[in-house]
Amino acid sequence: MTMTMLDSIVGFLLLMLLLILLIILIACKPWRFFSSSSRSRTIKAGELERPLVADDVGISRNQSNELPRDYDLEGARVQNEGHFRSPRTHGLVHKQRLPNVSSHITQGDSLVLDLTSDPPEDVLVGQTLKNPFSPEQLAEFLKHGRQRLVGDKLQEPVHKDILDQRSCLTLEVTSGPSLGVRCSAQSTNTSRLPLTLGRVSPSDLVLKDSEVSGKHAMINWNLNKLKWELADMGSLNGTLLNSQPINHPDSGSRHWGDPIELASGDIITLGTTSTVSVHITSQTEQQIPFGVGVASDPMALRRGGKKLAMEDVYYYHWPLPGADQFGLFGICDGHGGAEAAKSASKILPEMVAAILLDSLTRERVFSHCDASDVLRDAFSQTEARMDHYYEGCTATVLLVWADGEENFFAQCANVGDSDCVMNSVDGKQIKMTEDHKVISYSEKLRFKETGKPLKEGETRLCGLNLARMLGDKFLKQQDSRFSSEPYISQAVRINQSSGAFALLASDGLWDVISMKKATQLVLQARERHSREENSAEKIANFLLSEARTLRTKDNTSIIFLDFDFSGVSCKVES
């Protein structure tokens, strides 16, 4: 009996041992090392530099690395360092930004991507990643070089002129903790693409909102469709486009959503509180023949923690439609809200362009070197079209035109206190605007000429410290001293090799920095950045940072024109 029990125990132990060996065998999958049709490798997440495609484009194998356990997978991204090269038999090298993989693996685990040599239609971008894009979709969405996917293979680029299809995308946060933050990019500036929207740097548009994921959504230019596309990057709280969800139906899976085309006027909602407006402008590509840099900040927490709404709107158009030798640069600073500033920034350029469509008008500008009538009529027509009774705005525009002989002319018009200063050919500082505060000398003189001078101690009209503005129709009905008649400067002739520049800014800058000091700062910054790419953009941001350091208490917007530089800059703000 004892022997029978012993035999039973030994048999049970052997059975358990066999079961354990079978489990280990299944877990380890040793047949992977002997299969000629399927191989695996472990790849470091920070070194994902090769596209996961089939053998027919010649991916080299047998590389083994490990994912470091202290690697932060939240928001991991690979910087773009080049375009696809032509397919070769011995391998394909490509460094490209890949989608966030943090949602699919646990920090500290190894990332195993199975690469098979089966037919291309069966190849997925790594089973562990579970990316919902097919390889074709992923390549189409992320590519921004000159290569195209045709069928399953990479082909040589189809040469076509894409520079005449420029599209400029501008994003503005319209609600939420980061209200007023903006970001812009051009479809032809591939080094900036794709744009990412998220809570943490290095997102291109950073939203300080706890409901926004570290890397929440991505926007890229689809070269085949010539359209901007938005995709949710597996965010936790989802992404809405015009109130419709675009994230993956299984919100907990952290899968990417399909790319959706964007149109001007669309509203993107990240989480529940942060909304981003989309503005897209398309025009024939014509490089601006001088440097342009823009910068803007609502300075939202400069009043004892009180949030300050963004009421500045800046814009520029080069060339104006139908007037290839003209461009317009402007800033509108709203009061009582931002709607009047938004309307003026749209209508005013339209009016200037419409007036300049007349060839006789253009000829008069060229022959007399003066556009006073154009600017005066444009302001008058803009005021007539604006239907804002309880909101108004300043408006400062600089009209620039070329004479065809490597010279430019610049002429400014303004109402309000958003000023413009130029540093001319001989280094002379020229104030191109007039201050229209109620207590300014020019306005006091104007009031006196109308027979309604200011009373002693009076510094405001109907509560406003400005006497000239666009909009505010109700106030203009109450007091005839309010006006929309612009001050118009003399035209300044500029030689492109003279080192001249122009600086337009809202009163957030001028409240803390004088024109003389601003000119000195520009000269210092220009010397520091003269040999760098996008130097105008860096100068504009330098001035903005100075205003921030000096604790300005108002929205601040800056446009800097460098007439001693040839190139175009499309600003990305944070």
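**A short tour: rings, cores and a sheet**

Let's begin with a charge over a ring: arginine 528 lies over the face of phenylalanine 542, at 5.0 Å from the ring centre. Such a charge sits over a ring if NZ of Lys or CZ of Arg is within 6 Å of the ring centre and within 35 degrees of the ring normal. This is a predicted model, in which local features need pLDDT of at least 70 and side-chain atom pairs count only at pLDDT 80 or more, while totals for chains, interfaces and linings use all residues. Residues are numbered from 1 along each chain as its sequence is written, and side-chain values use heavy atoms, with hydrogens and water left out.

**Aromatic rings**

- The charged end of arginine 481 sits over the ring of phenylalanine 447, 5.6 Å from its centre.
- The whole structure holds 12 aromatic pairs (Phe, Tyr or Trp rings, the six-membered one for Trp, with centres within 6.5 Å; planes under 30 degrees apart are stacked, over 60 edge-to-face, the rest tilted).
- Phenylalanine 290 and phenylalanine 329 have ring centres 5.9 Å apart and planes at 50 degrees, so this pair is tilted.
- Phenylalanine 290 and phenylalanine 563 are also tilted, because their planes stand at 50 degrees, with centres 4.8 Å apart.
- This second pair links distant parts of the chain, 273 residues apart.
- Phenylalanine 290 is buried, at 0% relative accessibility (buried is under 20% relative accessible area, exposed over 50%, partly exposed in between, with a 1.4 Å probe and protein chains only).
- One aromatic cluster is formed by Phe290, Tyr316, Trp318, Phe329, Phe408 and Phe563.

**Nonpolar cores**

- The largest nonpolar core has 34 residues, and Leu320, Leu356 and Leu399 touch the most other members (a core is a set of buried Ala, Val, Leu, Ile, Met, Phe, Trp, Tyr and Cys residues joined through side-chain atoms within 4.5 Å).
- Helix H3 gives the largest share of this core, 10 residues (helices, H or I, of at least four residues and strands, E, of at least two are DSSP runs, numbered from the N terminus).
- A second, separate core of 26 residues includes Leu197, Trp228, Leu241 and Ile280.

**An open sheet**

- Five strands form an open sheet in the order E16-E28-E27-E22-E23, with antiparallel pairing (two strands pair if DSSP finds at least two bridges between them).
- The edge strands, E16 (291-297) and E23 (429-431), each pair on one side only.
- E16 and E28 (residues 556-562) pair over 7 bridges, and glycine 291 has aspartate 562 in E28 as its bridge partner.
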